[in-house]
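Thanks for making time this morning.

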Amino acid sequence: MATANLFLVTQTLQTLLDLNVRALLVRAGMAPTLTVSAMPPERVGAATSTLNLHLYHAMEDPHSKNDPPPGAGGNPVARQSLTLMLYYILTAHHSVNDVFDAEMQQLLFGLAMKTMHDFPRLTDALRLSPDGTPPVPVMPTALIGRDNRFDIAMRALTPEEALGFWHADDSATTRLSAYYEVRPVVIEPELPVATRGTVFDIGLFVSAGQAPRIDAVAGLVQFDPPAATGIGAQLIETAPARATLAPGLAAGPVNRITVRGTSLSGDGRRGSARIVLRSPRWQALALPVRAARIDPGLNPAWAVATSSGEARFEMQPSLDVADGGAPPVSLETTPGLYTVAIETTRTATTRSGVTRTTRQESNQVAFSLGARIDHADPPDGQGRITVSVVNLFDMLAPDIDALFAVDGEIYVEATGFPGPPAANRGRFVRRAGGIEFQPLFDIAEPGSHPVRLVINGAESQPFWITTP
């Protein structure tokens, strides 16, 4: 809901006037001849069938000055949106052979005021037809799909105040004019370099013998914004962690979880610090696994590393565990919610020569492991689109709970697509390689459509489908 180009707002208002006033002229049986300009009114000259909408002033909206900036990093003020109120003057001009035509001028002026009155809020969904042809968008392409909305309000200037607007030109009569305020217009802020996480625990943790404590769990989210934004690929750290199940991604280790805290390395001996994972899915197995300790020897691909203040590991499709001397068991790692803790073992010898071993476990902190969206295929002959997911788990498993949404609209899961495409709009079907859906949006219309894929409560990276 932001733009760096104020003329896009002016262009939206010009298009609104052009489309709707021409439609009103056709309805009155008149020729739909119209020009909409944006010059200073005194520079329009002897024009024919012309409406002029000129931006003459802008000021900051005081209601948004205290909004907190999103994320973290860099100058906080630069990350805070600059919200403006724009002020326009509307005039009408009609001369034939340099002869002023008051009747036509006032007709156009009235139709323009009716248009601004009839459409007090402009959104990217507004489409108008001037002559019975297919409706066209009022907003330019650069604003569509970004949740922009503009409110139009006529300013109540008295006749004396209107005279003051024109007082600089003593040789000219005050023009017939109307004044409008357009808001909110949000100027694009600087992007944050990190996101704020969710607070899961607040408190002080006191334990004897240097008990381990986790302060934060972080991960990396990599995503590619739509090409139209010009932003480029993003790699952002999130805390609490939002990892994605995509080992070996060239853009960054998005499957890595970094644990930060104190006393995480045990007594320094090899194996005295172990990472412990828990998952509701593992606890629901026929032989429940309530806590899975990562053994680096059995799981070298997990790249486990621990130190006093930090531990890290990289999520893989499976985890081999062998507690208590039992044969190893392979646990499937699927998207969902997990908790991580650090278990430390300390061995100390008393003055009398007695060796004591103390095992302690830190607090548990939650993190999510989402599926990685790889790409979206072009629409097929039925207009359906397939969103491909990095295929490291069984999408068709009965315990996979999938939520799929596009443009903020939640789609309904189905087992197939019976009937014609129109009957299946808003439905999706899980496939072995991803999600196939019948879109609610028009696939022939250019735009960027944000996708949300949530599997077992864990969301994938941000993703957009670009059409056509």
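Let me begin with D215, which has a relative accessibility of 49% and therefore counts as partly exposed, since a residue is called exposed over 50%. Please keep in mind throughout that this is a predicted model. The partner of D215 is R213, and the two form a salt bridge in which the closest N and O atoms are 2.9 Å apart. R213 is also partly exposed, with a relative accessible area of 28%. Elsewhere, salt bridges with shared partners join E237, R260, E310 and R312 into one network.

Next comes the pair of R183 and E181, a salt bridge whose closest N and O atoms lie 3.2 Å apart. Here the two partners fall into separate classes, because R183, at 23% relative accessibility, counts as partly exposed, whereas E181 is buried, with a relative accessible area of 16%.

The last pair I want to show is E445 with R127, a salt bridge in which the closest N and O atoms are 1.9 Å apart. This pair links distant parts of the chain, as E445 sits in the loop between β30 (434-437) and β31 (447-455), while R127 belongs to strand β7 (residues 127-128), and the two are 318 residues apart. E445 counts as partly exposed at 24% relative accessibility, and R127 counts as partly exposed at 28%.

To place these examples in context, a search of the whole structure finds 22 salt bridges, among them the pairs R213 with D215, R183 with E181, and E445 with R127.

Note on methods: Residues numbered from 1 in each chain as written. Predicted model: local features only at pLDDT ≥ 70, side-chain atom pairs only at ≥ 80, totals over all residues. Heavy atoms only, no water. Salt bridge = Lys/Arg side-chain N within 4 Å of Asp/Glu carboxyl O. Helix = DSSP H or I, 4+ residues; strand = E, 2+ residues; numbered from the N terminus. Buried < 20%, exposed > 50% of the residue type's maximum accessible area, 1.4 Å probe, protein only.
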